[in-house]
Amino acid sequence: MLIRKLNYKGKKYRVVWNVSEDLFGEYDPNTNELRLNPNQTKQQILKTIFHELFHVICTAKNVKVSDIGEESVCLLCEEFITILKKNKNLLKLLNSYL
Ligand SMILES: [Zn+2]
């Protein structure tokens, strides 16, 4: 299931499943578009979505990604996914509390 839009902090974000082939994804704060490469593994799409959402959050909260560093962003996103994958009950709990 490919989503086409997201809402966050009263803003609407378009999700476009088309991006330059050399990118996994990108977030354009000028158009509020998340562009995702559909030609990735499901595992990589998960990482990319977390990663681009991180950029959305940083932009919305005026946090400079450069202060955190892209490598830290990647690490955090990957590890959240690792924890969620290995703890299906956690995912169920989170889903039931949302
Ligand atoms: Zn990034």
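This is a predicted model: local features need pLDDT of at least 70, side-chain atom pairs count only at pLDDT 80 or more; totals for chains, interfaces and linings use all residues.
## A bridge to start with

Residue numbers start from 1 along each chain as its sequence is written.

## The β3–β4 hairpin

Strand β4 covers residues 33-36, and it pairs with β3 in the antiparallel sense over four bridges. (Two strands count as paired if DSSP finds at least two bridges between them.) Four residues sit between the strands of this hairpin, where N32 takes a positive phi near 55 degrees.

Which residues are on the covered face of β3? They are G25 and Y27, while E26 and D28 make up the uncovered face of this strand, which spans residues 25-28.

## The whole chain

Zooming out, the protein chain has four helices and four strands, in the order β-β-β-β-α-α-α-α along the sequence. Its radius of gyration is 14 Å, close to the 13 Å from the globule rule for 98 residues, so the chain is as compact as a globular protein of that length. (The radius is taken over C-alpha atoms, and the rule is 2.2 Å times the number of residues to the power 0.38. Helices, H or I of at least four residues, and strands, E of at least two, are DSSP runs numbered from the N terminus.)

Along its principal axes, the C-alpha trace spans about 40 × 30 × 30 Å.

Technical notes
A residue is buried if 20 or more other C-beta atoms lie within 10 Å of its own, exposed if 12 or fewer, and partly exposed in between; C-beta atoms are placed from the backbone.
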